[in-house]
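Work through the exercises below with the structure open. Try each task before reading its solution.

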Amino acid sequence: MSKKSVVIWDGNVRDAALSILLAVDKNQAYSNLLLNETIKRHKIEAKDRALLTEITYGTLQYKMTLDYYLEPFIRGSVDHWVRWLLRLSLYQMHYLTRIPPHAAVNEAVEIAKRRGHQGIASMVNGILRSILRQGVASTDDIKDPIERLTIETSHPEWLVQRFVDNYGIKVATEMLHENNVPPVQTVRVNMTKGSVEQAIASIEAEGLSAKRSDLMPECLHVTNGQPARTKAFQEGLITIQDESSMIPANVLNPSPGMRVLDMCAAPGGKTTHIAEIMKNEGSILATDLHPHKLDLIDHNTDRLGIDIVETAPIDGRKAPDFLQPGSFDAILVDAPCSGLGVMRRKPDIKYTKREEDLENLQKIQLALLDAATKVLKIDGKLVYSTCTVDKKKNEGTVEAFLSTHPEMEAIQLESLPTKLAEKQANGMLQVFPQDFGSDGFFVAAFRKKGESN
Ligand SMILES: C[S@@+](CC[C@H](N)C(=O)[O-])C[C@H]1O[C@@H](n2cnc3c(N)ncnc32)[C@H](O)[C@@H]1O
């Protein structure tokens with residue numbers, strides 16, 4: 001992202017949302033990053049912040065559905081920015097019950113006048129008022145179930161088909177709908193600094209609400225506010241992290257004093273979790289392909305008061321060239337992946353990801369696992385995780401790995417709450433976004449066979 005923001009903030013939430021959507025559409029920025037940057041840079045207040053977030057994400061989440069609704073009302077072609085303006089206005093009219101539809105139309109007309117001219121404003125007014133009078137077409141009229149899900153939930157057809165092939169129509173439908181639901185904010189309590197009760201008290205003292213999750217013991221659900229701005233965050237008592245992302249470090253479950261490798265570590269969400277589980281005793285090598293990302297890990301360890309982490313820029317696939325064979329007690333490979341489990345947070349993924357990307361990623365994932373095996377001690381534990389939901393590429397990668405690595409065996413995923421433990425099969429766990437309202441996530445665990453000395 002450039003140093004100069006692409007979003008001008010003059011207090012007009014819809015106009016700012018339009019600028020963000022246009023930048024995202026031109027691949028100038030990721031929606032989550034540009035939205036956060038805009039909010040931070042312009043110090044946007046809570047009420048506007050909530051609306052800006054809702055309109056930007058909502059419009060992006062439902063882009064294809066909105067186009068389906070708009071199509072019968074648009075004669076000829078409209079400018080690219082006008083189409084985005086229509087989408088974001090219709091999103092408010094159709095999905096946000098608290099905004100009077102006429103207010104959304106009036107705002108759209110004003111923006112059209114300012115960004116274009118009176119003619120465009122009249123056209124926008126005409127289209128939106130016709131929709132108000134006539135209503136939108138029902139997606140129930142679409143007979144083909146894949147096409148209907150594609151339009152209804154605004155996911156590309158190849159992805160809908162892939163989810164249905166992988167998991168059946170029921171699970172796929174639930175997941176596609178859940179992907180459009182805004183995520184809950186969750187934080188992880190740093191138990192080396194304080195208890196869950198202390199974290200709740202500290203967060204609530206600043207006017208936010210925090211409650212224990214009934215899934216992961218170190219997880220809190222936080223509402224109405226920005227936990228990253230709290231004292232608890234600044235003092236290292238909490239870390240912003242999705243609940244599913246708390247699974248891999250728990251499954252790795254290293255003891256204090258161990259030597260651990262976190263192979264794809266930046267920005268360090270799981271490295272720091274591993275360090276907390278180890279009570280900040282032992283040593284962790286946190287590596288990542290991109291040297292500039294290592295600063296993020298250092299920043300996190302400093303804030304959390306963790307001093308057992310060392311970082312190094314290493315391509316995990318070449319780890320055996322730099323690290324001693326058989327030298328780590330436990331290794332986490334939190335691999336680069338297609339991100340199909342995090343589309344609620346990053347709706348851009350729905351429209352930018354291509355099916356062939358999944359193939360390329362699998363080659364990298366297998367190379368990382370192969371390298372990890374070489375530097376793992378005998379009897380050591382290897383945990384593999386991705387934030388994606390794809391049977392062929394998650395379970396498929398594990399099967400391909402095991403078939404070429406007879407020295408490794410799949411093992412039971414330990415140290416998990418019962419609700420998660422009972423969902424595992426053959427040393428693998430796939431969490432769907434609809435299971436617990438957390439990200440879609442995959443975790444597998446292996447042991448290096450043989451006698452340890
Ligand atoms: C899913 S993210 C890791 C998130 C991190 N574990 C956390 O919890 O904060 C995947 C990471 O893998 C890194 N990566 C991609 N290819 C890699 C490679 N060949 N070797 C090491 N790291 C790689 C990316 O830079 C990215 O930071």
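**Exercise 1.** Which residues of H2 and H3 meet, and how do they divide by type?

*Solution.* This is a predicted model. Start on the H2 side: Ser31, Leu35 and Ile39 take part. They meet Arg49, Thr53, Thr56, Tyr57 and Leu60 in H3. Now sort the residues of this contact: four are nonpolar, three polar and one charged.

**Exercise 2.** Describe how H1 packs with H2, then list the contact.

*Solution.* H1 spans residues 13-25. The angle between H1 and H2 is about 145°, with 10 Å between their axes. The crossing of H1 and H2 is right-handed. From H1, the contact uses Ala16, Ile20, Ala23 and Val24. From H2, Ser31, Leu34, Leu35 and Thr38 contribute. Sorting the residues of the contact of H1 with H2 gives six nonpolar, two polar and no charged.

**Exercise 3.** Where do the assigned domains lie, and what separates the centres of domain 1 and domain 2?

*Solution.* Read the domain assignment of the protein chain: domain 1 is 141-178, domain 2 is 185-240 and domain 3 is 244-448. Then take the centres over C-alpha atoms: those of domain 1 and domain 2 are 36 Å apart.

Technical notes: Residues numbered from 1 in each chain as written. Predicted model: local features only at pLDDT ≥ 70, side-chain atom pairs only at ≥ 80, totals over all residues. Domains from an automatic or database assignment. Contact = placed C-beta atoms within 7 Å. Helix = DSSP H or I, 4+ residues; strand = E, 2+ residues; numbered from the N terminus. Nonpolar A, V, L, I, M, F, W, Y, C, P; charged D, E, K, R; others polar. Axes fitted to C-alpha atoms, helices over the stretch in contact; angles between N-to-C directions. Left-handed = near helix turned anticlockwise from the far one by under 90°.
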